[in-house]
Amino acid sequence: MSKKIFSGVQPSGNLHLGNYLGAIKNFVELQNGKNTDCIYCIVDLHAITVKQDPKELKKSIRETLAAFIASGLDSKKSIIFNQSAVSAHSEGAWILSCIARMGWLNRMTQFKEKAGKDKEKASIGLYAYPVLMAADILLYDTTHVPVGDDQKQHLELCRDIAQRFNNDFGISNFLKVPEPLIQKNFSRIMSLKDGTKKMSKSDPSDFSRINLMDNKDKIINKIKKAKTDTLPMPNENEDLKNRTEVLNLLVIFSSLSNQSIEKSINEFSGKNFSIFKEKLANLLIEKIEPISKEINKLLNDQKHLDGILHEGSEKANEFASKKIKEMKKIMGF
Ligand code: TYM
């Protein structure tokens, strides 16, 4: 049986190595694998849960699409579209928000992190955001969702919502309960400045992350300044205890070279940190610089980019509008 893949990325001009290694690299492998139907969505409705400048948002949507394509996604093989162009996502989110329970949403750690101390001032959208994410997934009978580890809790909520809907209306398996697909070799790519924080576009320091649009000099500089410690390079896994920054750099190296951490540890054991950092910077340049150049090239042809989104939205709409119609019929509308 073929796998139905759905995943989403928030539009940002600042897609970073965490997005790439945690999600987009996997999107491309799934697209090029056997028996998969892939749908990849630029989730612009998720972006407006915090304030956006309309001009910047439009630009970010195109930049994210360009990053998808520059990383290897192909609109002939996958459906690629932006969420706001398919109205079933908003409609589905409302319906499912009447199925989801407050208690379930109150447990979401990402809301607590994002809303911070001033919860009263957070938008209702920011709180309800995982329900929109559930609608995204469930509208397409998705079987597998490739995401980074930070989205795991939202995926579990999506599963609960699907099961609850099916139970409430006595239709087993109408909403398909999806499985997460999470990278096996690491949970998250962490900040280059602080190994306890995930690499994130919202970190105020640009030195905390490698952006997909960084050029050679920036990459070299950021890796040079990346935090390490005064101990030698590890000889075995055991030596990485409480050395989150060093572990993170080794994870990045291993993921980019498609090899195990153990192999990378062996490769650099007994060597100087500067040698490792130089190799890591070179590898990053080899993998990221072509993506960055291609993004810039693609951004020169906005018409082409908008055409891809238009075509993708029409295909997505065919699936999603049918599913929402069935959902409404089941509910008595
Ligand atoms: P977003 O836009 O924050 O991130 C996009 C993808 O990148 C992964 N990611 C990371 N992986 C490893 N290390 C990191 N430091 C790191 N930072 C980000 C995320 O796990 C994600 O897979 N709510 C989602 C978008 C979404 C979605 C969906 C995903 C909306 N609807 C439906 C899947 C299915 C989000 O904000 O991801």
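How far from a nitrogen atom of the ligand does a backbone N or O atom of Gly18 lie? The distance is 3.2 Å, a polar contact (a pair of N or O atoms within 3.5 Å). This is a predicted model, in which local features need pLDDT of at least 70 and side-chain atom pairs count only at pLDDT 80 or more, while totals for chains, interfaces and linings use all residues. Residues are numbered from 1 along each chain as its sequence is written, and side-chain values use heavy atoms, with hydrogens and water left out.

**Contacts and cover**
- Asp150 places a polar side-chain atom 2.4 Å from an oxygen atom of the ligand.
- In the side chain of Gln151, an N or O atom is 3.1 Å from a nitrogen atom of the ligand.
- Of the 710 Å² of accessible area (Shrake-Rupley method, 1.4 Å probe) that the ligand has on its own, the protein covers 97%.

**Shell around the ligand**
- The ligand is surrounded by 26 residues, each with a heavy atom within 4 Å of it.
- Tyr129, Asp136, Gly148, Asp150 and Ile189 are the closest.
- The shell divides into 11 nonpolar, 10 polar and 5 charged residues, with Gly counted as polar and Tyr as nonpolar.
- At least two shell residues come from each of β1 (3–9), α1 (17–32) and α7 (124–138).

**Overall fold**
- The chain has 13 helices and 5 strands, taken as DSSP runs (H or I, at least four residues; E, at least two).
- Its radius of gyration, over C-alpha atoms, is 21 Å, close to the 20 Å that the globule rule gives for 333 residues, so the chain is as compact as a globular protein of that length. The rule is 2.2 Å times the number of residues to the power 0.38.

Technical notes: Polar contact = N/O pair within 3.5 Å; in protein donor to acceptor, adjacent residues only side chain to side chain.
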